[in-house]
Amino acid sequence: MAKVKVKKNDTFIDMTAMSDVTVLLLTFFMLTSTFVKDEPVKVQTPASVSEITIPESNLMTILVDSEGKIFLSFTNQQDKVDALTAVGEDYGLTFTPKEMDAFKKLETFGVPIRSVASFLDLPSDQQEKYLKDLENQRVGIPTDQLSDARGLISGDNEFKRWVSHATEKNPQLKIAIKADKSTTYPVIKKVIDDLREMRKNRYILITSLKTASNA
């Protein structure tokens with residue numbers, strides 16, 4: 001008995017609709033995604049159950065690494081420039097338009113005010129290497145108390161001047177503290193005490209969301 005041959009039909013699937021959906025999804029994620037700022041030190045934040053959304057504008061972030069070195073970042077470039085101008089005036093320093101423009105483009109910074117000009121003269125790759133050299137004593141915004149011409153110690157320091165001038169220039173500016181989970185309590189307490197002395201008692205502590213695995 002002869003076998004009956006079944007005619008095979010070609011299967012054709014129109015992928016036009018799938019391609020359209022893929023393009024729409026790709027466009028959506030490109031438009032809504034925000035890039036993570038390049039920070040000079042990698043900070044592993046402690047976990048918590050808080051789900052407060054971090055503001056996307058009018059925010060100054062105080063980055064504290066595990067060694068206690070302090071860096072600052074601003075969401076608004078103008079806040080950054082205004083603070084640099086004011087702090088520079090406190091120390092009798094002025095900056096050229098070129099230096100101001102270079103400073104404006106920094107995502108995160110943390111050097112003593114007297115080292116800012118020489119730091120800005122470095123190429124961008126050298127700046128990154130400079131900030132990541134935590135053994136360098138000129139890395140991090142100083143929190144040491146200042147002394148006047150007579151040798152008298154005051155409660156002032158460069159960190160407090162940055163915060164004070166920034167919040168004076170922009171009263172809407174909010175403060176966030178992002179510290180490594182291994183940073184010791186005295187280091188964090190020093191930062192908070194400095195803020196309290198300036199009557200900056202409202203700030204955000206940036207943490208990672210606690211899950212069942214790290215609860």
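Guide: In this predicted model, strand 2 (residues 59-64) and strand 4 run parallel and are joined by six bridges, with Ile 62 standing opposite Ile 177 of strand 4.

Visitor: What makes strand 2 and strand 4 a pair?

Guide: Pairing requires at least two bridges found by DSSP; strand 2 and strand 4 have six, so they count as a pair.

Visitor: How do you know that strand 4 also pairs with strand 5?

Guide: Strand 4 and strand 5 (residues 204-205) share two bridges in the parallel sense, which meets the requirement of at least two, and therefore they pair. Ile 177 has Leu 205 as its bridge partner in strand 5.

Visitor: Why is strand 5 called an edge strand?

Guide: The open sheet has four strands in the order 3-2-4-5, with mixed pairing; strand 5 and strand 3 (70-74) each pair on one side only, and these are the edge strands.

Visitor: Why is strand 4 described as largely enclosed by the rest of the structure?

Guide: Buried means under 20% relative accessible area, and five of the six residues of strand 4 (residues 174-179) are buried, so the strand is largely enclosed.

Visitor: Which elements make the right-handed β-α-β unit?

Guide: That unit consists of strand 4, helix 7 (residues 185-197) and strand 5.

Technical notes. Residues numbered from 1 in each chain as written. Predicted model: local features only at pLDDT ≥ 70, side-chain atom pairs only at ≥ 80, totals over all residues. Heavy atoms only, no water. Buried < 20%, exposed > 50% of the residue type's maximum accessible area, 1.4 Å probe, protein only. Right-handed = clockwise from strand over helix to strand, strands pointing away.
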